[in-house]
Amino acid sequence: MVAGILIPVVSLTVTALALGGCIVLVSKKFYVYEDPLIETITKLLPNANCGACGYPGCSQFAAALVETRNPQLACPVGGEAIAESIGPILGMKLAEAQPVVCAIRCQGTTKHAKETAEYHGIMDCWAAMQAFHGTKLCAYACTGLGSCLSACNYGALRIEDGLLRIDGDRCVGCGLCIQECPVKVLEMVPRSAWRYYIACSSKDKGAATRKYCDVGCIACKRCEKDCPAEAITVTDNVAVIDQNLCVACGVCIDVCPTKSIVLIHDSTKKRISS
Amino acid sequence: MAAEPDRLIVSYAPHLRSSDSIEKVMYTVAAALLPATAASIYYFGLRALFVTIVAVLSSVLFEFLMNKIRRREHLTCFDGSAVVTGLLLALNIPASLPYGMVILGSFIAIVITKELFGGLGYNPFNPVLVGRVFLLISFPVAMTHWPAPHVVDMVTAASPLGILKTDGVAAVSNLSFWQLFFGEIAGSMGETSSLAILLGAIVLFFRGYITLTIPLAFIGTTAMFTGIFYIADPARYASPLFHLMTGGLLLGAFFMATDWVTSPMTRRGQIIFGCGCGFLTGLIRLFGGYPEGVAFSILIMNAFVPLLDRWDLLSLKSKREVA
Amino acid sequence: MRTFNQGGVHPPEYKLTADLAIERMPTPARLVILLSQHLGKPAKPIVGKGDKVKKGQLIGAADGFISSNIHAATSGTVHSLEERWPAPTGQYAPAIVIESDGTETWADGLNIDEEKPLELSREEKLKRISDAGIVGMGGAGFPTHVKLNPPKDKTIDTFILNGAECEPFLTPDYRLMLERPAEILKGLEIAASLFSKDTKIYIGIEENKPEAVKAMEKAAQGGPFTVVSLKTKYPQGCEKQLINTITGRTMKEGQLPFDVGALVHNVATMFALYEAVAKKRPLVERVLTLSGMEVKNRKNLIVTVGSLVKDVIEHTGGTTTEINQVIIGGPMMGKAQYTCDVPVTKTTSGILLINNTEIDSLRERPCVRCGKCISACPQGRQPWLLADLGQQRRLGDMPGCGLMDCMECGSCTYVCPARRNIVQWIKYGKAVNAARKR
């Protein structure tokens with residue numbers, strides 16, 4: 001009876017000890033030194049692994065930061081807060097990424113933009129692009145099928161009335177959505193409290209744009225003429241506002257005949273905190 | 001009509017589709033199972049009919065509930081797959097099984113084996129067989145006591161395979177070939193009549209919904225395996241013909257091993273799958289603890305399907321690269 | 001009966017217009033001539049608004065190596081230059097709109113009668129083909145002069161005339177083979193004369209067109225041609241499958257026909273090539289089929305390139321009931337259009353007016369792993385896998401599974417009981433992978 005219990009207990013203990021010894025040996029032999037700073041910094045980062053910094057993930061970014069001590073390396077998502085919390089750890093002042101936010105250069109909802117025909121098939125922008133730009137006549141319009149939605153880790157994107165809407169408060173500016181867009185209607189713009197923005201990217205001539213959409217930029221150049229800061233230029237049949245020159249006076253929004261200029265309010269303080 | 005139609009639809013080529021849809025295939029399979037169901041009612045009476053109705057209705061109901069719970073936009077409970085599951089489950093159990101157990105079997109098949117894995121197309125194991133095996137392990141007595149054919153008051157008897165297991169070859173030598181062929185033996189509702197099963201299988205084959213690769217490999221391997229032992233010692237082992245005609249071999253080979261979702265997609269995989277099923281069935285029947293091994297062997301081989309498919313894919317790739 | 005080595009499906013044939021002789025449709029008053037009717041770069045417009053043009057006059061010059069000339073299809077005035085006009089390919093293309101003057105005067109030096117077209121020099125033949133803007137008229141629109149001038153290190157020993165016409169509904173090639181066999185064979189002979197004398201010339205025709213086989217056999221008597229009857233099976237008329245059927249050679253992924261020593265030409269292309277070399281007529285009209293179950297008068301028509309689909313429908317009297325799809329090409333590989341304003345191009349082999357009642361209830365179900373697509377794939381691939389990868393957005397893995405080997409014949413999607421849009425997933429994968437490479 002005692003032997004019946006003893007034999008398995010002893011044999012299992014011996015096996016466990018032997019295997020434990022192996023683990024100790026292996027961990028000693030294959031030990032790789034890693035600066036503990038890397039882990040500390042990784043923990044401070046947003047850890048969304050979005051890649052906006054240029055590195056595949058947050059831990060790689062941290063490793064690069066510790067290794068190179070390059071003050072120019074910055075996390076666009078974390079911005080100021082991250083720079084301030086990581087700087088002291090490394091004993092230096094880190095550059096602060098200029099905060100950006102994603103913006104869509106289109107207002108073509110189903111109400112405003114003319115549609116082509118009913119589209120039956122895969123609900124994906126890239127797939128729909130193969131047949132007459134999916135659902136809308138304008139070649140520069142958001143197709144509204146939402147290929148970009150899955151790219152966003154922060155839930156800042158949604159589709160409403162056949163058009164992509166961006167929640168500026170949730171957007172961290174990682175820029176992952178941009179490459180998912182086949183129409184190239186998304187772009188990153190500097191985050192500022194009040195911002196005037198041309199929400200159209202149609203390079204069609206005015207008459208054609210008017211045919212396709214009620215709210216498209218028809219390149220009438222009125223905003224270009226009236227802008228006191230000379231921040232607006234019309235190139236390729238579409239106006240563009242230079243956000244660095246813009247003084248946010250709002251003159252352009254009043255003169256625009258098609259209402260293709262919009263005012264966006266960003267809460268600049270909102271940040272992903274670690 | 002004017003030259004310009006009001007409503008034009010942009011869709012992708014091909015604009016022509018074959019008439020085979022999931023619904024059509026599933027209801028054809030259900031129709032192909034009707035001979036076996038009719039045979040079960042003929043041999044086991046009205047109770048067989050009630051068991052079938054309970055199994056089908058509960059399967060459809062469970063699928064409907066899962067559709068609702070998963071908030072499916074389109075209901076899948078009427079596409080026929082639940083009906084086929086219910087029908088097959090009924091054919092896989094004794095006619096004397098209490099209704100509660102039948103419903104439990106449907107629950108295991110539809111909810112646990114199919115819907116929890118994602119619904120039709122995603123289940124790695126055959127729902128019916130999981131249901132059957134679950135019942136067999138949970139209620140071994142109820143699942144191994146079959147009513148004898150044409151007996152009204154549900155006197156239970158052992159199946160030919162059960163007798164073979166416990167009493168040896170001599171005990172089953174009184175069963176004639178025609179008895180086995182028409183199904184005048186004790187057994188699960190749909191497994192007894194080889195004729196009815198073959199009728200259904202012929203329908204499926206000519207509609208192109210099953211290929212003969214898996215059934216032939218399956219049946220052939222079982223026949224060979226049992227045949228070798230029969231030749232070596234006919235006094236101890238039953239003949240391969242006996243093995244083919246009894247138990248769930250034909251039903252399993254034609255209707256369950258050929259299930260699209262849980263069988264390999266290419267011919268080479270199908271041959272290996274069929275042979276594996278046959279070998280395991282023979283092994284379990286001759287040397288295992290259970291008298292019958294079709295359900296277990298198909299389930300075991302189901303687990304190998306992703307591997308077989310992947311192997312085929314890899315070899316296809318490398319062949320292309322070398323060529 | 002000869003056929004290709006793997007896969008294939010048997011869709012219903014619906015050759016409703018097989019017994020109707022080719023008719024000519026009058027040139028409409030306004031033509032929209034797309035500058036991109038071929039593979040490769042669009043042609044450059046060389047006329048301006050208000051210019052007078054004559055029939056056959058060059059109005060768009062080939063731009064680059066793989067491009068093709070575009071000609072005025074009738075005489076008249078250039079009404080406007082459009083930057084963006086819906087093209088039958090499902091994209092938009094620049095176009096020149098011509099207002100016809102109704103006289104159809106040919107430009108100088110065109111529409112002549114060459115006595116002995118075969119004896120022209122190789123350069124002259126190629127020049128006439130390229131000048132006339134001949135492209136593959138089966139659908140892809142690959143410039144013929146480029147195809148007939150393969151790289152020097154490739155030897156061509158087999159020349160194949162593609163008379164398979166495996167797409168349901170379409171009959172233009174069939175009617176041409178019945179009505180103009182001599183011209184087609186002359187065109188074929190001219191094209192083959194660009195290569196060595198030993199080049200074997202095959203004429204492949206599906207066995208469901210015995211009349212065409214007879215007509216071509218009769219016309220081919222005494223010539224260097226072999227008429228081959230092919231098994232009726234889709235996609236018999238795809239280049240890769242036809243080469244395999246006739247020569248037994250298999251094209252590997254990424255290979256072009258000349259890599260296996262063969263060239264395949266469409267019936268209509270050879271007819272146009274004959275007219276280009278022997279008559280110096282540019283490609284300004286083509287034969288097409290207007291068909292569909294609901295069409296009042298189905299027809300095989302000679303239509304001027306640039307006529308709008310609207311005009312063609314009007315000419316034939318429209319449909320008996322409402323339709324909801326206009327498809328250019330065949331039902332297996334054709335493109336659904338969103339407007340009847342698309343013009344007929346050099347590659348438009350058919351216009352189908354369809355009342356697709358199934359489409360509203362059509363929805364994709366998950367793969368049920370029936371394996372039908374695998375046995376239907378003429379390229380021996382696993383279409384379900386490509387569709388799965390597309391659906392899971394694992395697009396980077398798709399090229400490793402034969403993405404570029406797929407020629408989008410639609411066999412897999414035709415047989416799929418789960419109604420999956422396999423071909424569209426594949427096209428989607430191709431589009432995204434191409435964009436990522438850039």
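Domain bounds in this predicted model come from an automatic or database domain assignment. On that basis, chain A is divided into two parts, with domain 1 covering residues 36-90 and domain 2 covering residues 100-265. Between the C-alpha centres of domain 1 and domain 2 of chain A there is a distance of 32 Å. Six residues from domain 1 of chain A and seven residues from domain 2 of chain A make up the contact. On the side of domain 1 of chain A that touches domain 2 of chain A, five residues are nonpolar and one is polar, while no charged residues are present.

Within chain B, helix α4 (residues 81-91) packs with helix α6 (residues 127-138) at an angle of about 35°, the two axes lying 9 Å apart. The crossing of α4(B) and α6(B) is right-handed. From α4(B), the residues B:T85, B:L88 and B:L89 meet B:P127, B:V128, B:G131 and B:R132 of α6(B). By class, the contact of α4(B) with α6(B) comprises four nonpolar residues, two polar residues and one charged residue.

Chain B is also in contact with chain C, where 32 residues of chain B and 49 residues of chain C take part. On the side of chain B that touches chain C, the elements giving two or more residues are β1 (9-10), α1 (22-32) and α16 (294-322) of chain B. This side of chain B has 19 nonpolar residues, together with eight polar and five charged residues.

How values were computed
Residues are numbered from 1 along each chain as its sequence is written. Chains are lettered from A and ligands numbered from 1 in the order in which they are written. This is a predicted model: local features need pLDDT of at least 70, side-chain atom pairs count only at pLDDT 80 or more; totals for chains, interfaces and linings use all residues. Two residues are in contact if their C-beta atoms, placed from the backbone, lie within 7 Å. Ala, Val, Leu, Ile, Met, Phe, Trp, Tyr, Cys and Pro count as nonpolar, Asp, Glu, Lys and Arg as charged, and the others, Gly among them, as polar. Axes are lines fitted to C-alpha atoms, for helices over the stretch in contact, and angles run from 0 to 180 degrees between N-to-C directions. Helices (H or I, at least four residues) and strands (E, at least two) are DSSP runs, numbered from the N terminus. A crossing is left-handed if the near helix is turned anticlockwise from the far one by less than a right angle, and right-handed if clockwise.
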